[in-house]
Amino acid sequence: MEQQTTFRGRFAPTPSGKMHIGNALTALLGWLQMRSLNGIYVLRIEDIDVQRSRQELATQIMRDLEWLGLDWDEGPGSGGPSRPYHQAARLSLYEREIEKLKESEALYPCYCSRADIAAAARAPHGIASEGLRYPGTCRDLTEEEAALRELRKTPSLRMKVPQASISFIDGISGEQNCQLSDGGDFVVRRADGIISYQLAVVVDDALMGITHVLRGSDLLDSTPRQLLLYQALGYQPPQFAHTPLMVDAEGRRLAKRSRGLSISFLRGQGVMPQHIVGWLAWTAGLIDRMEPVTPAELIPRFDLSKVPSSPIRMTEALTSQLFKY
């Protein structure tokens, strides 16, 4: 009888642009982590923002992953016990969890516009790392005040963030200590009804039984908020590891829609998948020299402690190595 594994990881791209080499690095490292643990690798399409997401881009991402040699055990095209694997089809699950938060009085309606928050941010409240820090304007409204404001504007829902610290160990960046209130009360459902990333990703990872979250370091600052949601919803949080971002020569992060070297572009230029995988493994410190290699060949060489925490700067010399095999 086959031994049942308890390790589950995932790759959860947003189909708002083509997959670039920075996304591919995260996908590769997550795949290697699960394969080295004999775990389950899940593909989830984070298309909850329907205005930005496009199905043809989701299809392209899956095609790029397959071309690189990164398969998935559960997800679109493979099925699995946690379906559906598109966030746009999971709205009822998010609403169910929001009701739990309402029952525990962890949420409150917010009637502030972006202009209101921007004006308040120019006061001494400051700016959070994830955007403008919300000053708590609507947190203590009376029922009468809230009713009057609701006549003029549909509210968003915000999480009440306590004055408390939180600590966790990141698999790449090490120990993290944060003040939860530094980021302010955050939105879990926008005024237009769209579920926030913070809530959706926690609900999805919890219900899919994800034990290891490996993602880009641009999301490291989101982790304290998500740990608060795990606690409020009664779920066990996963282990987190945040991979280094790839940035351009000026230090700006690679973007799906602008400066990123997309996998489809490299493929069109005749670069072979094993060359890209070898280049990614070399930049991530898994191998000592750049050489063509398949993902399967990297499994015994996977070591998360070798992955740098600092950004990988895409200088012209480094980028040119992709085309010099």
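This is a short tour of a predicted model, with a residue or element to select at each stop.

**Stop 1: a helix on the inside**

Start by selecting residues 21-36, which form helix H1. From its first C-alpha to its last, this helix of 16 residues reaches 22 Å, close to the 22 Å expected at 1.5 Å a residue. Now show the rest of the structure around H1. Of its 16 residues, 15 are buried, so H1 is largely enclosed by the rest of the structure.

**Stop 2: two rings**

How many aromatic pairs does the count come to? There is 1 aromatic pair. To see it, select Phe168 and Phe240, whose ring centres are 6.4 Å apart. Their planes stand at 65 degrees, and the cut-off for edge-to-face is over 60, so this pair is edge-to-face. Colour strand S7 (residues 165-170) and strand S11 (residues 239-243) as well: Phe168 lies in S7 and Phe240 in S11, so the pair ties together parts that are 72 residues apart in sequence.

**Stop 3: a charge over a ring**

Next, select Tyr134 and Arg158. Arg158 lies over the face of Tyr134, at 3.7 Å from the ring centre.

**Stop 4: salt bridges**

- Select Asp204 and Arg44. Their side chains meet in a salt bridge at 3.5 Å, N to O. This pair links distant parts of the chain, with Asp204 in helix H6 (residues 197-207) and Arg44 in the loop between strand S2 (40-43) and helix H2 (55-68), 160 residues apart. Asp204 is buried at 0% relative accessibility, and Arg44 is buried at 0% as well.
- Select Lys102 and Glu99, joined by a salt bridge of 3.4 Å, N to O. Both lie in helix H3 (residues 91-103), 3 residues apart, about one turn of the helix. Lys102 is partly exposed at 36%, and Glu99 is partly exposed at 38%.
- Select Arg190 and Asp192, which form a salt bridge with the closest N and O atoms 2.6 Å apart. Arg190 is partly exposed, at 28%, as is Asp192, at 48%.

**Last stop: a network**

Finally, select Arg10, Arg44, Glu46, Arg90, Asp204 and Asp205 together: salt bridges that share partners join them into one network.

Note on methods. Residues numbered from 1 in each chain as written. Predicted model: local features only at pLDDT ≥ 70, side-chain atom pairs only at ≥ 80, totals over all residues. Heavy atoms only, no water. Helix = DSSP H or I, 4+ residues; strand = E, 2+ residues; numbered from the N terminus. Expected span 1.5 Å × (residues − 1). Buried < 20%, exposed > 50% of the residue type's maximum accessible area, 1.4 Å probe, protein only. Phe/Tyr/Trp six-rings, centres within 6.5 Å; stacked < 30°, edge-to-face > 60°. Lys NZ or Arg CZ within 6 Å of the ring centre and 35° of its normal. Salt bridge = Lys/Arg side-chain N within 4 Å of Asp/Glu carboxyl O.
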